[in-house]
Amino acid sequence: MIKALRILVLVLVGFHLVTSCSEEQDFDQIDDLAIAPSFETSIFYVKAQETLINRVEGLNFFTQDFNFDAFEEPFFTKRVLAGVITYELENTTSKPIEIRLEFLDQEENVLDTEIFSMDAAPTAILQRDVAYGATGKSLDIIKTTSEIRLTAINLGDNTSESTIQDPAIVLRSSAQFTLELK
């Protein structure tokens, strides 16, 4: 009898828990869910030793075009909401320098330009974040860029030498883009 009473009480408590704590579930909430993941990638890394800079006659000591086909994939292009490109420039040489980045479309038209000027060493690392999208430059600049042309210009001489070990100019860049998956 006591065993039957315990079972009855457990069944009543279980039934009460199931019915009192449950409400109708709304499985359509997924339609209201907005997912916007961020993707980060490196764009380029360039290092030019001071000995190389001293060997090159003229102002431009380095020019190179980098392929930028991040937006060739329609899935990515249609869903990108915003982006930030981060640049870090370090100069441990005895030369003041200028770095020019030109964003080119497929016909090599210049869409945008970023210019970095830096004194001779010792200097702090220069970091610049460039936003694209609602809070920055037009996202169309990045969407239509197919190449980035980097030009490094020596604003000093070709004979001075830094006292810092392994003097060089280093430019790093990375990009972070936010996508809408819905």
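Phe39, Thr41, Ser42, Ile43, Phe66, Asn67, Phe68, Ala70, Phe76, Ala175 and Phe177 line the largest pocket. This is a predicted model, in which local features need pLDDT of at least 70, side-chain atom pairs count only at pLDDT 80 or more, and totals for chains, interfaces and linings use all residues. Residues are numbered from 1 along each chain as its sequence is written, and side-chain values use heavy atoms, with hydrogens and water left out.

**The pocket**

The largest pocket holds about 170 Å³ of space. A pocket here is an open set of points on a 1 Å grid over the protein atoms alone, where a 1.4 Å probe fits, with protein on both sides within 12 Å along at least five of seven lines; lining residues have an atom within 4 Å of a point. Points are joined across faces, edges and corners, and the volume is the space filled by probe spheres set on them.

Strand 1 (38-49), strand 2 (60-67) and strand 8 (168-179) each supply at least two lining residues. Strand 1 gives the most, with 4 residues. The lining divides into 8 nonpolar, 3 polar and no charged residues.

**The fold**

The chain has 4 helices and 8 strands. These are DSSP runs numbered from the N terminus: helices are H or I with at least four residues, strands E with at least two. Along the sequence the pattern reads α-β-α-β-α-β-β-β-β-α-β-β. Of contacts between residues at least 6 apart in sequence, 81% join residues at least 24 apart. Contact means heavy atoms within 4.5 Å. Buried residues make up 32% of the 182 residues. Buried means under 20% relative accessible area, exposed over 50%, and partly exposed in between (1.4 Å probe, protein chains only).

**A buried threonine**

Thr93 sits in the loop between strand 3 (80-91) and strand 4 (97-104). Its relative accessible area is 0%, so Thr93 is buried. Leaving out residues up to four places away in sequence, Thr93 touches Glu50, Ile53, Ala120, Ala121, Ser162, Pro167, Ala168 and Ile169. The Thr93 side chain also reaches the backbone nitrogen of Lys95 at 3.2 Å.

**Salt bridges**

The structure holds 11 salt bridges. Each is a side-chain nitrogen of Lys or Arg within 4 Å of a carboxyl oxygen of Asp or Glu. Three of them are tabulated.

| Pair | N to O distance |
|---|---|
| Glu98 and Arg100 | 3.4 Å |
| Arg149 and Glu108 | 3.3 Å |
| Glu114 and Lys137 | 2.6 Å |

Glu98 is buried at 16% relative accessibility.

Glu108 is partly exposed, at 44%.

The salt bridge between Glu114 and Lys137 links distant parts of the chain: Glu114 is in strand 5, Lys137 in the loop between strand 6 (126-132) and helix 4 (139-144), 23 residues apart. Glu114 is buried, with a relative accessible area of 7%. Lys137 is partly exposed, at 26%. Salt bridges with shared partners join Asp112, Glu114, Arg128 and Lys137 into one network.

Note on methods: Nonpolar A, V, L, I, M, F, W, Y, C, P; charged D, E, K, R; others polar. Polar contact = N/O pair within 3.5 Å; in protein donor to acceptor, adjacent residues only side chain to side chain.
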